[in-house]
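I opened this notebook to record what I looked up in the structure. The entries follow the order in which I consulted it.

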Amino acid sequence: MAKWENVVHLDRMDRKILSFLQEDGRLTNNELADRVNLSPSQCSRRRQKLEEQGIIRGYRALLDHERLGLPLINVISVTLATHNRENARHFADLVVRLPQVLEAHALTGDMDYILKVVTPNLKSLSSFVNDVLLPHKSVQHVKTSVVLETLKDNGILPIEIDAAAGPPNE
């Protein structure tokens with residue numbers, strides 16, 4: 001059961017609230033209350049509780065990277081030079097400081113990390129790899145792929161409204 005210790009058990013109404021907020025985080029409390037059939041005060045209390053529990057981590061605008069001059073999405077796999085906590089920490093410290101890194105994930109398997117990076121062009125991608133990543137003392141190998149087409153990118157988690165309240169049986 002250890003992997004489910006941090007799972008918060010949600011009822012159907014909380015799941016409905018989360019589902020609507022994922023689709024439109026700008027909903028006013030009254031609009032949200034109407035959609036989930038609750039009074040505005042009940043809806044507000046539930047939303048606040050979801051925020052306090054850390055289920056709702058925040059609200060943000062989704063920006064169009066192409067219209068902002070960052071048309072290239074790149075997936076970069078990174079293998080560390082040595083595998084120890086200090087080296088991993090050095091790499092993590094680097095990644096969190098780089099604004100063009102949208103996502104960074106530690107992995108199992110052949111590569112240690114995978115990064116999702118935006119750049120304005122191939123020249124800036126080359127500079128990012130050759131001048132930032134490869135010279136870093138924690139990095140041994142980098143493999144870069146340019147995304148040709150994005151088929152899905154909505155960031156919406158699958159919330160089943162009528163799902164059972166708890167984690168699945170193990």
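**Entry 1**

I began with Asp-11, which is partly exposed at a relative accessible area of 33%. For this term I took buried as under 20% relative accessible area, exposed as over 50%, and partly exposed as in between, with a 1.4 Å probe and protein chains only. I note that this is a predicted model, in which local features need pLDDT of at least 70 and side-chain atom pairs count only at pLDDT 80 or more, while totals for chains, interfaces and linings use all residues. Residues are numbered from 1 along each chain as its sequence is written, and side-chain values use heavy atoms, with hydrogens and water left out.

I then looked up the salt bridges, each defined as a side-chain nitrogen of Lys or Arg within 4 Å of a carboxyl oxygen of Asp or Glu. The count by this rule is five. Asp-11 forms one with Arg-46, where the closest N and O atoms are 2.9 Å apart. Asp-11 lies in the segment before α1 (12–23) and Arg-46 in helix α3 (residues 40–52), so this pair ties together parts that are 35 residues apart in sequence. Helices (H or I, at least four residues) and strands (E, at least two) are DSSP runs, numbered from the N terminus.

Arg-46 also forms a salt bridge with Asp-14, the closest N and O atoms being 2.8 Å apart. Since Asp-14 belongs to helix α1 and Arg-46 to helix α3, the pair ties together parts that are 32 residues apart in sequence. I recorded Asp-14 as buried at 11% relative accessibility and Arg-46 as partly exposed at 24%.

**Entry 2: A pair within α4**

I next examined Arg-89 and Asp-93, which form a salt bridge with the closest N and O atoms 3.5 Å apart. The two are four residues apart in helix α4 (residues 85–96), a separation of about one helical turn. Arg-89 is partly exposed at 44%, and Asp-93 is partly exposed at 34%.

**Entry 3: The sheet**

I asked in what order the strands of the open sheet run. The order of the four strands is β2-β3-β1-β4, with antiparallel pairing; two strands pair if DSSP finds at least two bridges between them. The edge strands are β2 and β4 (139–146), each pairing on one side only. Strand β2 (residues 101–106) pairs with strand β3 (residues 113–119) over five bridges, and Ile-114 of β3 is the bridge partner of His-105. In their hairpin, with six residues between the strands, Gly-109 takes a positive phi near 100 degrees.

Helix α5 (residues 122–133) lies across β1 (72–80), β2, β3 and β4, and runs at about 170 degrees to β4. Axes are lines fitted to C-alpha atoms, for helices over the stretch in contact (heavy atoms within 4.5 Å), and angles run from 0 to 180 degrees between N-to-C directions.

**Entry 4: Nonpolar cores**

A nonpolar core is a set of buried Ala, Val, Leu, Ile, Met, Phe, Trp, Tyr and Cys residues joined through side-chain atoms within 4.5 Å. The largest has 17 residues, and Ile-76, Val-78, Phe-91, Leu-115, Phe-128 and Leu-133 touch the most other members. Elements giving two or more residues to this core are β1, α4, β3, α5 and β4; α5 gives the largest share, four residues. Another core lies apart from it, with 13 residues, among them Met-13, Leu-27, Leu-32 and Ile-56.
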